[in-house]
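Me: I'd like to go through this model with you, one question at a time. Let's start once it is on screen.

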Amino acid sequence: MHSFGYRANALLTFALTILALMCAIASFSDNFNFPSPSAQIQIVKFNWFQKQAHGNDEVSLTMNITADLQSLFTWNTKQLFIFVAAEYETPQNSLNQVSLWDAIIPAKEHAKFWIQTANKYRFIDQGSNLRGKEFNLTLHWHVMPRTGKMFADKLVMSGFRLPEEHR
Ligand SMILES: *[C@@H]1O[C@H](CO)[C@@H](O)[C@H](O)[C@H]1NC(C)=O
Ligand SMILES: *[C@@H]1O[C@H](CO)[C@@H](O)[C@H](O)[C@H]1NC(C)=O
């Protein structure tokens with residue numbers, strides 16, 4: 001005759017097996033979601049553009065960020081971490097990436113939005129390379145799943161240009 005302890009243990013093992021199986025199915029079924037996120041970023045204005053005392057260029061700008069990231073959400077999605085980065089080339093580096101703004105999107109209902117905002121983090125070049133510089137604004141996202149691997153992707157918006165003169 002089985003003891004109560006033995007039966008409880010068997011039940012627990014069974015429950016854990018089912019849970020592990022459900023997690024595997026959840027992260028596997030995520031592979032069949034083909035998301036189609038969209039985003040648009042406009043520069044409303046350059047607020048100011050200066051050379052700092054020690055020579056680095058710094059710019060402040062206001063952006064209008066519009067995005068529909070709802071398709072990134074599946075029932076296995078916990079939240080999204082998103083950030084907008086300015087990306088540009090200089091003679092020293094083929095890719096300079098400066099994070100300007102970020103946010104956590106906790107649920108699908110919040111994944112379609114627009115926001116007008118100044119840069120939350122400072123846009124500084126380690127040098128004085130920004131005058132008349134062409135740059136991209138890239139929306140990056142990290143999808144944090146409830147179970148399984150995190151994945152990341154981005155949308156690049158190109159063709160922006162900084163003012164020719166400090167002001
Ligand atoms: C930002 O862009 C969106 C979509 O293009 C537009 O609907 C909204 O009115 C804009 N907001 C401002 C403050 O310009
Ligand atoms: C900016 O975007 C364009 C077009 O997608 C790409 O060719 C270029 O390499 C990007 N520039 C940087 C610095 O990432």
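Me: Which strands each supply at least two residues of the shell around ligand 1?
Reply: Keep in mind that this is a predicted model: local features need pLDDT of at least 70, side-chain atom pairs count only at pLDDT 80 or more, totals for chains, interfaces and linings use all residues, and side-chain values use heavy atoms, leaving out hydrogens and water. Residues are numbered from 1 along each chain as its sequence is written, while chains are lettered from A and ligands numbered from 1 in the order in which they are written. Helices (H or I, at least four residues) and strands (E, at least two) are DSSP runs, numbered from the N terminus. The strands you want are β2 (57-68) and β5 (112-118).

Me: How many residues of the shell around ligand 1 are polar?
Reply: Ligand 1 is surrounded by Q42, N64, T66, W114 and Q116, a residue being near if one of its heavy atoms lies within 4 Å. Ala, Val, Leu, Ile, Met, Phe, Trp, Tyr, Cys and Pro count as nonpolar, Asp, Glu, Lys and Arg as charged, and the others, Gly among them, as polar. That gives no charged and 1 nonpolar residue, and the polar ones number 4.

Me: What percentage of ligand 1 does the protein bury?
Reply: A polar side-chain atom of N64 lies 2.4 Å from an oxygen atom of ligand 1, and one of T66 lies 3.5 Å from an oxygen atom of ligand 1. Taken alone, ligand 1 exposes 360 Å² (Shrake-Rupley method, 1.4 Å probe). The protein buries 52%.

Me: What percentage of the accessible area of ligand 2 does the protein cover?
Reply: Around ligand 2 sit Y88, E89, L95, N136, V156 and S158. A polar side-chain atom of N136 lies 2.3 Å from an oxygen atom of this ligand. On its own, ligand 2 has 360 Å² of accessible area, and the protein's cover is 48%.

Me: Which residue takes a positive phi in the hairpin of β1 and β2?
Reply: Strand β1 (residues 38-51) runs antiparallel to β2, joined by 12 bridges; two strands pair if DSSP finds at least two bridges between them. Q50 has E58 in β2 as its bridge partner. Between the strands there are 5 residues, and the one with phi near 100 degrees is G55.

Technical notes
Polar contact = N/O pair within 3.5 Å; in protein donor to acceptor, adjacent residues only side chain to side chain.
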